[in-house]
Every structure is written in C-alpha cells, then in structure tokens.
Amino acid sequence: MRALEPWVAAPLQTFITESSARLILLMTTSGQVVAQHGFSRSVEVMTAAALGAAIVASTEELARVMGASRFAALVHGGNRQSCMLSAFGTPRGRWIGLVVFGSETSVGLVQLFFDQMVGELVTAAPREQPQPSPLPENFERELDTSLKELFGR
Amino acid sequence: MSEAEAALEQVTQVPGVRGSLLISGGDGLVVAERLMDGVDGRAVAALAASLVQRLDRATNRAGMRAPTFVHLRGNSGSVLAAPGRSDLILVAVAAAEANLGLARVQMLDAVGRLA
C-alpha cells in the first residue's frame, strides 16, 4: 500500500485488512491518485484512475438528469471479481474510491468497511484549504510525480 | 404480508429478540429487516453473512454438512443465523435474557417456509 499523504495510510490499511479487497485506488474527482494498494504498474493506475473518474462523473450527471441526488456507490458484480466505485466528501475535496474484490469477501463487507474508512479519513484529514485543481498545463507533470511517488521510482 | 415480512414478524415476536433480518448470504446485503433502534442492520448483515460463509467452508473442509443453525453468544446478547434456500439467511439479534430456545424453533420454522 502506498499513499501520497501520510494521514491516509492508517484508515486505508485498516480497510485493506478488514475488507480483504484485492485492489484499491483513492483519487480525486479529477483523476489525481491519492493512494493505491495492489497495483503493480503505474500504467494500470493511470488507466483505472482515468476510467474511474470518468464513470463517477457520468453517473453523477445521470443522477442529475434523473433529478435524483448522487448515487452512493456503483457496484459491478463479476464472476471472479467485482468492482465498487464510490465518491465521497472529505475536507480536502471530493474523492473517489475504486475497490476490486473477489469471492473471499462480499459487497456488504466491502461497503461496510469502506464507509468506516471514509469516516476515519474525514476525521484524520488536516483542516486546511483544499489544494486548487491542477491547471491543464501542470496536470501531466503532477500526475507523473504522483505515480513516481506511489510506485517508488 | 410477504413471506419475508412474515418470517421477520415470527422471529421478532420472541421475547428478548431485538430484531431480525433476511440477508443475502453471498453479498452480505439486507433483503428485509425488522430491527429496534440502535441495531446497525447493514453491519449485522455483512458480518453475519461472512460468519456463516466461513463456517460453511470450515464444516465442508472437515467433511461435515453445512450448518443449519449458528448461535454466536456474546456477553450482552447473541446473534443467531439460520441459512435457508436461495442463498438467503435469516438472522436474529437477541438480548442476553432472550428465550433462545424459542427463537431457534421459530427461526428454523420461518426459514423453512421461505421459498
């Protein structure tokens, strides 16, 4: 497990231990990666972050069109593994969690411990102004820096 | 009243039972519930389903048949679970003073009626 900000590590580690999730990605709604667990290649993280952020943006727009409030979570159930995407508010802005899990756990357990992790993150987050969204010209450089930190190279 | 509601009603009528839930064993999600305030149905569903699944695996590995009733006793109460057909599990949360024998009989009867 690797996290860009140290206060994210403990709640995320608890979630990993309790939920038995295989892969986890925490990111901002613009696709900037905050923490990851289980990914071995930076290109996988980049792809998952971009797709996850896009899916959440699509579902939130769909909810708006339908006149509903935001969807709490999106779960895709598969034969061998399943995937959950959920956006949540933190003092550092709106984040997205992407969780991939297998038959060794259940969607109920993943959702239960994910909600606990969100509560712990909200409590642990430093109460300072959220960082401004990266400017387009800086986005690629910041993404590259984040990935280097997450993968230690 | 639906079959699920009838099953929950039958179990919650037992003295000392603080609530009952019908949950999906594979997903650990609540299908129907009748709970007193202060009982977190979502947490009970997720954890009870996990418990029953693990016990199922353990008995299977030991060459035994799957459990038909699970009783988890704590200091201040018990969690009871009766696996049924179609991956459904009937779960009850009972206080320490609950009539557990009657609860067991009613749960096995109720889960047997569920299609």
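**Why these labels? Helices and contacts in a predicted model**

In this predicted model, the axes of helix 1 (residues 3-12) and helix 3 (residues 100-113), both of chain B, cross at roughly 170° and come within 9 Å.

Q: What makes up the contact of helix 1 of chain B with helix 3 of chain B?
A: Helix 1 of chain B brings B:Glu3, B:Ala7, B:Gln10 and B:Val11, and helix 3 of chain B brings B:Ala103, B:Gln106, B:Met107, B:Ala110, B:Val111 and B:Arg113. By class, the contact has six nonpolar, two polar and two charged residues.

Q: Why does A:Val122 count as partly exposed?
A: A:Val122 has 14 C-beta neighbours inside 10 Å. A residue is buried at 20 or more and exposed at 12 or fewer, so with 14 A:Val122 falls in between and counts as partly exposed.

Q: Where does A:Val122 lie, and which residues is A:Val122 in contact with, leaving aside its neighbours within four places in sequence?
A: A:Val122 is part of helix 3 (residues 107-124) of chain A. With those neighbours left aside, its contacts are A:Thr90 and A:Pro91.

Q: How many residues of chain A are in contact with chain B, and what classes do they fall into?
A: Five residues of chain A are in contact with ten residues of chain B. On the chain A side there are three nonpolar, two polar and no charged residues.

Note on methods: Residues numbered from 1 in each chain as written. Chains lettered and ligands numbered in written order. Predicted model: local features only at pLDDT ≥ 70, side-chain atom pairs only at ≥ 80, totals over all residues. Contact = placed C-beta atoms within 7 Å. Nonpolar A, V, L, I, M, F, W, Y, C, P; charged D, E, K, R; others polar. Helix = DSSP H or I, 4+ residues; strand = E, 2+ residues; numbered from the N terminus. Axes fitted to C-alpha atoms, helices over the stretch in contact; angles between N-to-C directions.
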